[in-house]
Amino acid sequence: MSTNAQKRGFGATLWDYLTTVDHKKIAHLYLIAGGLFFLIGGLEALFIRIQLLKPNNDFVSAGLFNELLTMHGTTMIFLAAMPLVFAFMNAVMPLQIGARDVAFPFLNSLGFWLFLFGGLFLNLSWFLDAAPNAGWTSYASLSIAQTGHGIDFYALGLQIAGLGTLIGGINFLVTIINMRAPGMTYMRMPMFTWTTFVVSALILFAFPPLTVGLFLMTFDRMFGANFFDAAMGGNTIIWEHFFWIFGHPEVYILILPAFGIFSEIFAIFSRKRLFGYSSMVFATVLIGFLGFMVWAHHMFTTGLGPIANSIFAVATMAIAVPTGIKIFNWLFTMWGGSIRFTTPMLWAVAFIPSFLMGGVTGVMLGSAAQDYQYHDTYFVVAHFHYVIVGGVVFALFAGAHLYWPKMFGTMLNEVLGKITFVLFFVGFHMTFFIQHFLGLWGMPRRVFTYLPGQGFETSNVVSSIGAFLMAAGVIVLLINVIITSVKNEKVGNDPWGDGRTLEWALSSPPPYYNFKQLPLVRGLDAYWIEKMEGKKGMTPAEPLGDIHMPNNSFIPFLISLGLFIAAFGAMYHGDEGNTWGIPVLIFGLLFTIGSMFVRSIKDDHGYHIPKEELIDDNDKGVKA
Amino acid sequence: MHVEEKMTVETWPAAPEKQTLEAKNKFLGFWLFLGGETVLFASLFATYLALKDSVPRSDMPLAKDLFEIPLVFAMTMILLTSSLTSVYAMYHMKNFSFKKMQVWLGITVVLGLAFLGLEIYEFNHYVHEFGHTFTSSAFGSAFYTLVGFHGAHVAFGLLWITTLIIRNSKRGLNLYNAPKYYVASLYWHFIDVVWVFIFTVVYLMGMVG
C-alpha cells in the first residue's frame, strides 16, 4: 500500500497503476496517456503540413488527408487536451482544497480507463479499417454516407471516452463541494480550483447532448435508424445542433482550466495576490454560463435565419467582456509585482497577446454577416489554433513545468524549458499567423492541396516550417523530461520558492494520504499567509488520528474493457455474413454489467492508516 | 458513527442516507448525475419533437393513428404507483423497519415489471399492427429511441433494486447500505418523472395531432 520510495519490480508497479485509485497516480496516467495522444496528434499535423508544403503535392492521397485532418482534430481535443487538463486537475485540485482524495476514487479510476479504452478504440481505426474522415465535427450529411468503418470508430470511441469524462466531471464537482478543508470557503478557493469547478459543471451539462448525438449516429450507421436520412424523414441539422451544443461548451471546458493555471502562475511569479480575485471568479462563472448560449455561431451558414443568427452573434460577442476582465486582471497582477521570468511565467506572458489575437478574430467571426466571408477558409483554422494552442496548449506546457516537481518530486531543467518555449512560441506564430491571410486570400480549409499560381505557395512554406519548429520544441521538452527523470534530483515542498496555495505546503510528491492532519485555511492563498507570518507550514485543523483510505481496485479496468469489446461487436455486426457481431456486443455489455455487479455486491469499506504509523512519518504531510 | 456499526431503532439517525462522508458524497453525486440525465432526456425529447410524424410515405402511420390512451394510461398509473411504493419503502428505511422496506421495494419491482411488460406489448403491437418500426422512418427511430431509453432505464433500475434487496436480505440495514437504497429510490423517482413527460409530450400531444 505504501508509496514510500522503495525499489519494486516492474510488475508490481504496473499492477499498482492498473488498480490505483489515488488521484496523484491517476494524474500520472492521464499525463502519460494524454501526452502520447498529443504526440500522435502532432505527428498527424506534421503530415498535413508536409502535404501542404507545395502545390499539387502527393505526399498523401486526398483520402488519407481527410483521415489525417479528422484524426488530428479529434485526437487533439478529446484524447490530448482533455486528459492533459484532467491530469493537472487530478494532481493539483484535491491538494489545493486540502482534501485527502477526491470524492469518488473508484470513479476517478473508471473515468481514466474509459477514456483510455475509448482513445485506443478510435486509434485502432488506423490499423483495422480506415480512420474517420468526415472532420472532427463529423457532420451527419457527410458522415452517414461514408463507407467503411471509419465513422463507426469515431462514434463508438468517443462514446466510451465521453462517458469517462462525464464521470470525471461529477467526481470533481462533489469533491469541491463536499471535501474542502476547514476554513476553505468558496471565495478562498484558488483560481485553478474555481475553474475546475466551473468546467466540471460544463462537462455535466455539455456531454449528454454529445452522448445522444453519438447514439443517434451509431443507430443510423449500425442499426438501420433514420435520424439523419432525409429520404426517410430524417434531418441532418439535428446532429449539427447536438454537436455544437456540446462542442461550444467544450472549448470553454478546455480554456477555463488554462485560465486557472495562468492565474496561479501570474500570482506566484509576480509575488502578488491575484488582482481582482472576486471579479475573476465572476468572469469564470459568466463565461461558463454564456458558453451554453452561443453554439449556433458555428452554424451561421446553415441557414437558421437572420433572427437566430443575430441573437447568437450578440451572445457570442458578449463573451469578450468577461474574457477582457480576465486579461486586465492578469496584467494588473503583474503590474508592480516583482516578476521572475521562469519557464511557466514565459508561457503565461506569451499567452496574453497570443490568446488575445485569437479572441479578436473570434469577435470578427462572431459577426454573422462577416462570417459568411470567413466560413470554411484558413481564417477559421488560424482563429481556433490561436485560442486553443495560444491558450490551452501554452497552459499545458506552463502547467507541466510548474507542477512537474509536485507530481514527480523533481524539477524540469529551466534552460531546456526556455528553449522549448522559444522554439514553440516562434513556430506557433509562424505556422498560424500567416494562415489568417491565406484564409482572407481564399484558401479553403480541409482541402488536400492547392493549385500553383494562386499566391498560396510562399505562405504555405512559411506555415509548414513553423510546424517543424513547434515539433522541435516538443522534442526538446521530451529530452528535458528524460534528463530530469534520469537525474531525479529531489526537491522540497515549495521548489519555486513563492508557492501561495496549499499544494506547496506538502512534500513533493505528497504522501499518499496527502495531509496528515487537515490544514486550517485562514484566507485566500492559505500557504502564503502562513509564510508571511513566519511559519514553516500550515496550522492543523484537527488532532492526529487514523486516516481512512480507499482500497485499490481492478474493476474500473474491467468495466471499461467490456465496453471496448462491445464496441467491436456493434461495429462489425452489420457486415455481410457477420455472425459474431451481436454475440460479441452482448458479451461485452454483460461483461461490463457483471463487473459493476461485482463492485455492487462486494462491500468495500477501505482501510485505515493507524495513527502510530503517521507519527513515524514526521517529515511528511502538514507540520504542526 | 461507523459504517459497519450494528444499529438499533434507538441509535438509527434521522437521515441515515447521509451520515458518513462517503454517503454525503454519494447523495450529492447522484443528484448531479440526475442533472446530466435530465439533459440527456431533454436531448432525446428535442429529437423526438423534431422528427415527430416525419415519415417518407403518406400511407405510414402517424402519432395520432398509433397511440391509444387506455393502455398508456394504465402504464402511467402503474409507474406512478411504483413511485409511491418506493416512497413507503424509504419511509420504513428511515424508521429502521427493514422487513417492511424490503416488502415495499419488492412491490415496486413487481409494478416496474408490469410496466415493462406492457411497454413490450405496446412496441410489439405497433410493429405488427402498423409496421411502425425502428427502421421504417425517422419518426419510428425517434419514438423508439426516446421511449426505449426510458424503458432501458426502467430495466436497469429493476436490476439495481433487485440486487439491493437480495444482497442485503440477510444482514438488515446499516449506514453502509442505507445510502445505496436511498439513491436507488431517487433514481426510480427520476424515471417516473421522465415518464410523466413522455406521457404528456409523446402520447397526449400525439393524440391531439
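Helices here are DSSP runs of H or I with at least four residues, and strands are E runs of at least two. On that basis, chain B of this predicted model comprises six helices and zero strands. Its pattern along the sequence accordingly reads α-α-α-α-α-α. The C-alpha trace of chain B extends over about 65 × 30 × 25 Å along its principal axes. Chain B has 209 residues, of which 56% count as buried. Among its contacts with a separation of 6 or more, 78% join residues 24 or more positions apart.

As for B:Tyr203, its contacts beyond the neighbours within four places in sequence are B:Phe67, B:Val72, B:Glu122, B:Tyr126, B:Phe143, B:Val147, B:Trp195 and B:Ile198.

Helix 14 (residues 378-408) and helix 15 (residues 414-440) of chain A have axes that come within 8 Å and cross at roughly 170 degrees. Because angles over 145 degrees count as roughly antiparallel, helix 14 of chain A is roughly antiparallel to helix 15 of chain A. The crossing of these two helices of chain A is left-handed. Sorted by class, the contact between helix 14 and helix 15 of chain A contains 16 nonpolar residues, nine polar residues and no charged residues.

Definitions and conventions
Residues numbered from 1 in each chain as written. Chains lettered and ligands numbered in written order. Predicted model: local features only at pLDDT ≥ 70, side-chain atom pairs only at ≥ 80, totals over all residues. Heavy atoms only, no water. Contact = heavy atoms within 4.5 Å. Axes fitted to C-alpha atoms, helices over the stretch in contact; angles between N-to-C directions. Parallel < 35°, antiparallel > 145°, perpendicular 65-115°, else oblique. Left-handed = near helix turned anticlockwise from the far one by under 90°. Nonpolar A, V, L, I, M, F, W, Y, C, P; charged D, E, K, R; others polar. Buried < 20%, exposed > 50% of the residue type's maximum accessible area, 1.4 Å probe, protein only.
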